Amino acid sequence: MKNEEHSKEHREGRGHDLLAKVLVIGDGGVGKTALITRFTEDRFLVSYTATIGVDFKSRVVASGDKLVKMQIWDTAGQERFKNITQAYYRGATGILLAFSLTDRPSFTNIEKWIGQIDEHAAKECIRVLVGTKVDSVSDRVIIRG
Ligand SMILES: Nc1nc2c(ncn2[C@@H]2O[C@H](COP(=O)(O)OP(=O)(O)OP(=O)(O)O)[C@@H](O)[C@H]2O)c(=O)[nH]1
Ligand SMILES: [Mg+2]
């Protein structure tokens with residue numbers, strides 16, 4: 001990145017120094033939208049409204065002396081949206097793959113989702129696996145071995 005891109009004027013012009021594109025994937029209902037809403041708006045989404053296609057959210061975070069804009073693509077987990085969401089893998093800086101600790105199929109499907117990443121994402125893309133709903137202790141079915 002060129003020096004002038006870090007200048008104060010440049011940052012003030014667009015509000016950040018770096019842009020990180022984060023794709024969030026995983027089965028329907030595991031809590032992707034809830035996780036992103038907590039991160040961007042600091043509130044918990046109680047009701048479930050399935051995401052249709054892809055939604056966009058963003059938040060600027062400080063990293064050292066840089067401001068990083070996290071541009072987050074919240075994808076639909078339902079199988080019928082697969083063709084739409086696949087188009088977003090290629091441009092992702094990082095991919096967050098979510099499964100629910102209370103839903104075994106969402107855990108088993110991790111393998112399928114990794115296959116999607118291998119097929120559609122850039123090789124250098126950073127991958128993070130997240131188990132959601134850790135608070136639902138009595139419903140938990142995925143236990144650390
Ligand atoms: N107890 C508990 N419930 C959660 C948590 N995260 C999400 N939920 C609930 O799980 C349901 C589904 O959450 P969503 O975030 O809409 O699921 P999603 O992964 O975006 O689903 P799709 O958009 O269909 O792919 C909602 O009723 C949330 O309130 C969590 O950490 N704990
Ligand atoms: Mg959603």
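Visitor: What should I know about the model before we start?

Guide: This is a predicted model, in which local features need pLDDT of at least 70 and side-chain atom pairs count only at pLDDT 80 or more, while totals for chains, interfaces and linings use all residues. Residues are numbered from 1 along each chain as its sequence is written, and chains are lettered from A and ligands numbered from 1 in the order in which they are written.

Visitor: How do you know how many helices and strands the protein has?

Guide: Helices (H or I, at least four residues) and strands (E, at least two) are DSSP runs, numbered from the N terminus. By that rule the protein has five helices and five strands, in the order α-β-α-β-β-α-β-α-α-β from the N terminus on.

Visitor: What makes E1 and E3 a pair?

Guide: Two strands pair if DSSP finds at least two bridges between them. Strand E1 (residues 18-25) and strand E3 (residues 66-75) have seven, in the parallel sense, so they meet the rule of at least two. One example is Leu-18, whose bridge partner in E3 is Val-68.

Visitor: And what joins E2 to E3?

Guide: Ten bridges do, and strand E2 (residues 54-63) runs antiparallel to E3. Phe-56, for instance, has Trp-73 as its bridge partner in E3. E2 and E3 form a hairpin with two residues between them, and Gly-64 in the turn has a positive phi of about 65°.

Visitor: Why is Ile-142 called partly exposed?

Guide: A residue is buried if 20 or more other C-beta atoms lie within 10 Å of its own, exposed if 12 or fewer, and partly exposed in between, with C-beta atoms placed from the backbone. Ile-142 has 17 such neighbours inside 10 Å, so it counts as partly exposed. Ile-142 lies in the segment after E5. Two residues are in contact if their C-beta atoms, placed from the backbone, lie within 7 Å; not counting residues up to four places away in sequence, Ile-142 touches Leu-101, Arg-104, Phe-107 and Gly-131.

Visitor: Which residues of H2 are buried, and how do you know that they line one face?

Guide: The buried ones are Lys-32, Thr-33, Leu-35 and Ile-36. Seen down the axis of H2, they fall within an arc of 160° (taken from the directions from the helix axis to the C-beta atoms), so they line one face of the helix. Their cover includes E1, E2, E3, E4 and strand E5 (126-132).

Visitor: What makes up the largest nonpolar core?

Guide: A nonpolar core is a set of buried Ala, Val, Leu, Ile, Met, Phe, Trp, Tyr and Cys residues joined through C-beta atoms within 7 Å. The largest has 18 residues, and those with the most contacts inside it are Val-22, Leu-23 and Val-24. E1, H2, E3 and strand E4 (94-100) each supply at least two residues of this core. Leaving aside neighbours within four places in sequence, Leu-23 is in contact with Trp-73, Thr-75, Tyr-88, Tyr-89, Ala-92 and Ile-95.

Visitor: What surrounds ligand 1?

Guide: A residue is near a molecule if its C-beta atom, placed from the backbone, lies within 6 Å of it. For ligand 1 there are 20 surrounding residues, the closest being Gly-31, Thr-33, Ala-34, Thr-51 and Gly-77. Helix H2 (residues 32-41) gives the most to this shell, with three residues.
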